[in-house]
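Subject: Structure handover

Hello,

Please find the structure below. My notes on what was found follow it.

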Amino acid sequence: MTTHRRPASASPVLDATELDRFHRLGYLILPGFLPAELVNRMRSEVDRWVDDGLRAKSIAAAKDPETHGSPPVVELELPAHGELITHRPLMELLEALLGTEFVFHHLHSDRQAPDLPGKPWHHDYEQGEGSDRSPLMVHTLHYLDGLAEDTASLVVLPGSHLEEAGKSARAHLGTAVLPGEVVIDRLPPGSTVVLHSALFHARRTKEGQSAKPRYFVDSSYCQTGTRWPPVKPYWRHILNRARELGLGDDRPELFAERHFTEFSAHGAMS
């Protein structure tokens, strides 16, 4: 199946054909979308995030907020991470998908070890089953070193975002090969894959993977007009820090608390 890659030299603003393809298939591939200078700074920050224990502290704060409270540092306080989530070409791309007003949902950053197990088929759409699932949520998956034959692949199931299914409806399949799937495993450094958040996808490992880590950053955004469940108990702290840092000052809704419901541990783990 064709993977519908957008040329690296193309404008980030989508034309009608690309928009239609995204809404039908649920994904868009942007090879080399991020500038090399930003990618290099991001990679250094990811190393600090992991090696200084900041990622571990953020996970502990999410799992046990009563004990840990808010973490000492959140991802968007790292300068290049903050720059990434408001990167102008990314904002222009999201305007084409989400409209002129949208809200930042979350940011995750990791240096995935070569022996990290695969992640089973799942989706990440945050409106629960039975709720109005028409508002659009997207995940932008940034691969700082790209993807290659000796690293784990991203696998997507085109059109599955049109189903009404729970996040883990296909988890029992592990990372098994599914009819109609698309394997994304050849991307240059700084590439981004945009997913409709309800699209089923998986991280699939390969035999003989190299010993190099996989640098991965995930930033997510939602249409306004409905309230979204947050995924971290300290979500207000994250949005407040973004406003204090002046991120997205020209976009008043980007870090506005009014677009979210209260945190629910059950909802975050579903």
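Strands S4 and S9 run antiparallel and are joined by 7 bridges. Within this pair, Leu 141 stands opposite Asp 218 in S9. Please keep in mind that this is a predicted model.

The two strands belong to an open, antiparallel sheet of 5 strands, in the order S1-S7-S4-S9-S2. S1 and S2 stand at its edges with a single partner strand each, so one side of each has no neighbour in the sheet. From one strand to the next, the twist averages 15°. Helix H2 packs on this sheet, where it touches S2 and S9. The direction of H2 makes about 75° with that of S2.

There is also an open sheet of 4 strands, again with antiparallel pairing, and its order is S3-S8-S5-S6. Its edge strands are S3 (119–122) and S6 (182–184), each of which pairs on one side only. Neighbouring strands in this sheet are turned against each other by 20° on average, direction ignored. S3 pairs with S8 (residues 201–204) in the antiparallel sense over 2 bridges, and Lys 119 stands opposite Arg 203 in S8.

On to the cores. The largest nonpolar core has 47 residues, and those that touch the most other members are Leu 76, Phe 104 and Tyr 221. Elements giving two or more residues to this core include strands S1 (27–30), S2 (102–112), S4 (137–143) and S9 (214–223). Helices H2 (36–51), H5 (79–85), H6 and H7 (235–244) are also among them. H6 gives the most, with 6 residues.

Which residues does Leu 76 touch, not counting those up to four places away in sequence? They are His 81, Gly 82, Ile 85, Phe 104, Leu 107, Ile 238, Arg 241, Ala 242, Leu 245 and Leu 247. A second core is separate and has 15 residues, including Leu 141, Leu 147, Leu 154 and Leu 195.

Helix H6 spans residues 88–98, and its buried residues are Leu 90, Met 91, Leu 93, Leu 94, Leu 97 and Leu 98. Just after H6 comes Gly 99, with a positive phi of about 95°.

Regards

Methods: Residues are numbered from 1 along each chain as its sequence is written. This is a predicted model: local features need pLDDT of at least 70, side-chain atom pairs count only at pLDDT 80 or more; totals for chains, interfaces and linings use all residues. Side-chain values use heavy atoms; hydrogens and water are left out. Buried means under 20% relative accessible area, exposed over 50%, partly exposed in between (1.4 Å probe, protein chains only). A nonpolar core is a set of buried Ala, Val, Leu, Ile, Met, Phe, Trp, Tyr and Cys residues joined through side-chain atoms within 4.5 Å. Contact means heavy atoms within 4.5 Å. Two strands pair if DSSP finds at least two bridges between them. Axes are lines fitted to C-alpha atoms, for helices over the stretch in contact, and angles run from 0 to 180 degrees between N-to-C directions.
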